[in-house]
Amino acid sequence: VAADSAGLPVAGHISVGGNSRASRGLEAKVPGTIFVDSVEQVDADMVKEWSCLFTQVGLVILGAGPPCQGVSGLNVDRRGALRDHRSSLHVHVPRIRELVRKAFPWAQVHSLMESVQSMDDTDRQVMSDAFGSLPWAIDAMGVSLARRPRLYWLTWDIEASEGVSLQPPEQGRHAPFGTVTLTGKVESSRYLTPGWTRTTELSLPTFTTSRPRAFPGRRPAGLNKLSPDDRKHWEEDAFRFPPYQYQYCFQVHRGDEHRLVNIEEREV
């Protein structure tokens, strides 16, 4: 999507992941996508086949988002970047990057990896060491209604511009990542259902996956911050999201009615 928005002529797209529903959605958006079930299956022969299909490309971008559950600060049972079977998949990023460089010697090869900013210092350093550089911290709240603090590891240089200011990373424990600050004009009415407005001007919390259940998870985040009414709302909503998402200050309202942002508004 970003390449298309930038006007780049995209020669092809390869998607690695095992979610069939996500694959169907992607195929509808990007016809002709090549699908691979798992990142472990990617080897030298497979990448060489790709290079035979795309002999005219001048740039190959390897984008990766290793599952973050094993390092997320929201997960009290997280096992870390090396021990969690999902988050440990980050080690395949530099592996596949080298395979692509060998198979596409005529093209530039760049890579991008993303994960949650809430990981601890040790996991962040593990991922930085594997990728080969320090990350940038970027939060979408400057150009959106919601926060989304994330870390991005890049192999290309970025520059400040209108609406984009940089504080570069520096080697050392006191500056483990750089910061990119985004600013733009954000109008609530372009996101929300007509007639509804934000309860406060606070940015909405990071959206999480809807997981309705009969009982809350272990040590749910933000439970101690809920008012009795907010807690009742959380319980009646089948504990679908972390408790802090149900705080009144993070909701939208229409007169005396108040609610969480709905799925259509989240998509926008």
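Guide: The chain averages a pLDDT of 88, and 91% of the residues score at least 70; pLDDT is the predictor's confidence in each residue, from 0 to 100. This is a predicted model, in which local features need pLDDT of at least 70, side-chain atom pairs count only at pLDDT 80 or more, and totals for chains, interfaces and linings use all residues. Residues are numbered from 1 along each chain as its sequence is written, and side-chain values use heavy atoms, with hydrogens and water left out.

Visitor: Which elements have the lowest and the highest mean pLDDT?

Guide: Helix α4 (residues 80-83) has the lowest, 57, and helix α3 (residues 44-53) the highest, 97. Helices (H or I, at least four residues) and strands (E, at least two) are DSSP runs, numbered from the N terminus. Where pLDDT is low, the predicted coordinates should not be read in detail.

Visitor: Why is α3 called oblique to α5?

Guide: α3 and helix α5 (residues 92-103) pack at about 45°, with axes 9 Å apart. Axes are lines fitted to C-alpha atoms, for helices over the stretch in contact, and angles run from 0 to 180 degrees between N-to-C directions. Under 35 degrees counts as roughly parallel, over 145 as roughly antiparallel, 65 to 115 as roughly perpendicular and the rest as oblique; therefore α3 is oblique to α5.

Visitor: What makes up the contact of α3 with α5?

Guide: A44, V47, K48 and S51 of α3 meet L99, V100 and A103 of α5, where contact means heavy atoms within 4.5 Å. These residues divide into five nonpolar, one polar and one charged. Ala, Val, Leu, Ile, Met, Phe, Trp, Tyr, Cys and Pro count as nonpolar, Asp, Glu, Lys and Arg as charged, and the others, Gly among them, as polar.

Visitor: How do you know that β4 and β6 pair?

Guide: Two strands pair if DSSP finds at least two bridges between them. Five bridges join β4 (residues 108-116) to β6 (residues 149-154), and the two run antiparallel. V116 has R150 of β6 as its bridge partner. Strand β5 (residues 136-139) also pairs with β6 in the antiparallel sense, over four bridges; the partner of W136 in β6 is Y152.

Visitor: What makes β3 and β7 edge strands?

Guide: The open sheet has six strands in the order β3-β4-β6-β5-β8-β7, with mixed pairing. β3 (59-64) and β7 (164-167) each pair on one side only.
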